[in-house]
Amino acid sequence: MRPLRISALLVITLVFIAATDRAQQSTPSSGTQEPSAPPPPSENSAENQGKITQTVNLVDVLFTVLNRRNKLVPDLEKNDFKISDDKTPQTIRYFSRQTDLPLRIGLLMDTSNSIRDRLKFEQDAATSFLFSVIRHNRDQAFVMTFDDEPSILQAFTDDAGRLRDEIVKTRAGGGTAVYDAIYTACDKELSHPPRPAGDQPDVVRRVMIVISDGDDNLSNHTRAEAIEMAQRYSVVIYTISTSTQWIQLSQTDPLKAADRKTHLTEGDKILADLAEETGGRAFFPYHVDDLDQSFQDIGDELRNQYSIAYIPTNSTLNGKYHRIRIETPDHKGYQVRARRGYFAKANANTSPNSTPTGQ
């Protein structure tokens, strides 16, 4: 009897194991499945209700300092400066001396009928500037012409020869739309210049050189809109006048050869305003040879700048224009060249904790 009982138990055990195997094959194994991730919390969930988001209105100002002899002063410290926003003193949050940074230059040439007899002057001046300033594999520039409308001749490149080849092809004709050219150059090119390898996106100097007589008669944009666009992207504008009216030919001082005019035309005053509002400088030369010192001054300034950043205590994002004033109280006679202000206007797509467009 005992052998029969053992055989019966073996049969029952085998039947049970077979049934278990069939059940496992018909049901997917739960051991190999990853647990499903919980759905992301919604914006109104309890997890997100405790978070606080805030737009930071950081205003960053680039500037240069000159002494009584118009020489650069490159060795000042944070405590040497005071800054005010609409006459309200501000606390300097960040300060640095920024030298020898890569340049991103927009060269804008007036090719309208009004400068037809000075076009060769423009071409020589532009070529001279690019070959004296552009450093291969470090700086880049683009060339734009403007008459009835702006047109890109050569996109950003570090090859001064390619830029020159396009410049010499220019021909004069049409009206003058200098404000449209500045607006477009800032909006389309200098708003997102090529970034240096390995550097942060904005660690470049954004510069615009405008060679023109300043006599705008065709722009759709206003001077204020052009200046605002330049200020929005921290573009420093340097202007070179092609007008030869009111020339003082007796001026022979080499230090003043780039500014021989005793009186400025209306166009010259416009060029001066464009430069001063953005922290640049206006030049009024007569001969191409007079530009050598001017170009050297521009290059030196661009590579010897200060940077101050602050969060305005009196600012709301309402589009209001704010005047900036930077002073050196302990250094009488020093002059600070910086943009005169900014618009406290945020971009519609500004994300939390980002710097609003225009500041």
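Modeller: I105 stands opposite V207 in β8. As for the terms, helices (H or I, at least four residues) and strands (E, at least two) are DSSP runs numbered from the N terminus, and two strands pair if DSSP finds at least two bridges between them. This is a predicted model, in which local features need pLDDT of at least 70 and side-chain atom pairs count only at pLDDT 80 or more, whereas totals for chains, interfaces and linings use all residues. Residues are numbered from 1 along each chain as its sequence is written, and side-chain values use heavy atoms, leaving out hydrogens and water.

Biologist: How many bridges join β5 to β8?

Modeller: Seven bridges join them, and the two strands run parallel. β8 also pairs with β9 in the parallel sense, over six bridges; there, V210 has T239 as its bridge partner. Between β8 and β9 the chain passes through helix α6 (residues 223–232), in a right-handed β-α-β crossover. A crossover is right-handed if, with the strands pointing away from the viewer, the path from the first strand over the helix to the second runs clockwise.

Biologist: Why is β8 described as largely enclosed by the rest of the structure?

Modeller: Buried means under 20% relative accessible area, exposed over 50%, and partly exposed in between (1.4 Å probe, protein chains only). Eight of the eight residues of β8 are buried, so the strand is largely enclosed. R205, V207, I209 and I211 point one way, and R206, M208, V210 and S212 the other.

Biologist: Is D139 buried or exposed?

Modeller: D139 is buried, with a relative accessible area of 0%. D139 lies in the loop between α3 (119–133) and β6 (140–146). A polar contact is a pair of N or O atoms within 3.5 Å; within protein, one must be able to donate a hydrogen and the other to accept it, and residues adjacent in sequence count only if both atoms are side-chain atoms. The side chain of D139 makes such a contact with the side chain of R135 at 2.6 Å, and reaches the backbone nitrogen of L103 at 2.8 Å.
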